[in-house]
Amino acid sequence: MSVQVGILGATGAVGQRFIQLLDDHPTFDLAAVTASSESAGKTYREAAKWRVNTPIPDDVAEMEVAETTPAGIAGDDVDLLFSSLPSGVAAEVEPAFLEDGYVVSSNSSNDRMAMDVPLTIPEINPDHLDLIEVQRDERGWDGALVKNPNCSTITMVPTLAAIDEFGLESVRVSTLQAVSGAGYSGVTSMEIIDNAIPHIGGEEEKMETESRKLLGEFDGAEVRLHGADVAASCNRIPTLDGHLENVFAEFAEDPSPADLREAMRSFEGAGSLPSSPDQLIKVFGDDEPERPQPRLDRTYAGGMGIVAGGVQATNAGAKYNCLAHNTIRGAAGASLLNGELLVEEGYV
């Protein structure tokens, strides 16, 4: 089955990752790329300041960039749209596509916590996708909007889902986040070299709320948030890619570090989806307490996997570290995987 897809905001950092990941995809064929009115009408090669470490695919380089409106892609016969728009733009633009009947898998942060919008990680909560039916009833459109979580949230939540069987009650997390998470011009060299920035606007709230929605239960009408108490401290450090996070968890039960490692290692991925790793979470043992590390481990499973290590008992529960590639698994790759789930479940 071949599905025609488009990318909204294709010239930005996440849009470029979409193009890289879609190259030779077994299901998706790229049919349309959009950007601002200043870029519309140019070839993609002319419009995009390419920064990904692989060349622009030849067929994409010569594609004409459309304006980011339904009229801009009206003749391209697109079945599914991936959105990498800034959240303020997406909040204005995405509804127009949805009202025109498009299915949108969006990385943008707007509407992630909306009651009728699925916030999904296919390996964690694929059943939440059925919120689409509630959404269509509530909003009166034929389209469908699905969101993936924030890049820091998606690093931690798969590990929490794996160990929730022990009665997860409390989570404290401190992040060490790469500069690419802020976009190419988001943090200047004078700010970050020889430095760390102990605040990332809005990031802590996203981790604290999105994680509870992802781990919550869908009853057919709404998602009931997970009961765990979650608190986050988010920090920017001078690594290029890969968010490393220090997690402290408390449980109703008393699992050993070995129990937690085994639960993470054996946590099942979404094997039917081509972009989901065979082993979602790679776990380092006691013999490698210095892992994971961003430079060494961010490309595990092509950047689509999660890596954990340093699992230890504490007086109140356990602590461990986890890592994911923030622009692959944490952004474009997450939306791509949600697109695959939409196809599998018949929404595309």
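**Notebook: buried charges, strands and rings**

I started with Glu123, which counts as buried at 8% relative accessibility (buried is under 20% relative accessible area, exposed over 50%, partly exposed in between, with a 1.4 Å probe and protein chains only). Before going on, I noted that this is a predicted model, where local features need pLDDT of at least 70, side-chain atom pairs count only at pLDDT 80 or more, and totals for chains, interfaces and linings use all residues. Residues are numbered from 1 along each chain as its sequence is written, and side-chain values use heavy atoms, with hydrogens and water left out.

**Salt bridges**

What does Glu123 pair with? I found a salt bridge to Arg329, with the closest N and O atoms 2.8 Å apart (the cut-off is a side-chain nitrogen of Lys or Arg within 4 Å of a carboxyl oxygen of Asp or Glu). This pair links distant parts of the chain: Glu123 sits in the loop between E5 and H5, Arg329 in helix H11 (residues 328-344), and they are 206 residues apart. Helices (H or I, at least four residues) and strands (E, at least two) are DSSP runs, numbered from the N terminus. Arg329 is buried too, at 1% relative accessibility.

I then searched the whole structure and got 11 salt bridges. One of them joins Arg139 to Asp111, closest N and O atoms 4.0 Å apart. Again distant parts of the chain are linked: Arg139 is in helix H5 (residues 131-139), Asp111 is in the loop between strand E5 (103-106) and H5, and 28 residues separate them. Arg139 is partly exposed at 32%, and Asp111 is partly exposed at 32% as well. I also see Asp111, Asp116 and Arg139 linked in a network of salt bridges.

Asp219 and Arg224 meet in a salt bridge as well, at 3.3 Å from N to O. Here Asp219 is partly exposed at 39%, while Arg224 is exposed at 53%.

Next I looked at strand E2 (residues 28-35). Because 6 of its 8 residues are buried, E2 is largely enclosed by the rest of the structure. Strand E1 (residues 3-8) runs parallel to E2, joined by 5 bridges (strands pair if DSSP finds at least two bridges between them). I picked out Val3, whose bridge partner in E2 is Phe28. E2 also runs parallel to strand E3 (residues 66-67), with 2 bridges, and there Ala35 has Glu67 as its partner.

I checked the UniProt record too: its unreviewed entry puts "domain: Semialdehyde dehydrogenase NAD-binding" at residues 4-132. Over residues 4-132, I get 26% helix and 18% strand, with the end C-alpha atoms 21 Å apart.

**Rings**

How many aromatic pairs does a search of the whole structure find? I got 5 (ring centres of Phe, Tyr and Trp, using its six-membered ring, within 6.5 Å; planes under 30 degrees apart are stacked, over 60 edge-to-face, the rest tilted). Tyr44 and Trp50 have ring centres 6.2 Å apart and planes at 75°, so they are edge-to-face. Both residues, Tyr44 and Trp50, are buried. Phe97 and Tyr102 have centres 5.7 Å apart and planes at 65°, so that pair is edge-to-face. Phe97 and Tyr102 are buried. I also noted one aromatic cluster formed by Phe18, Phe28 and Phe82.

Last, I checked Asp194, found in the loop between helix H7 (189-192) and helix H8 (203-214). Asp194 is exposed, with a relative accessible area of 77%.

Conventions: UniProt positions are given in the numbering used here, feature names are shortened, and annotations may be inferred rather than shown by experiment.
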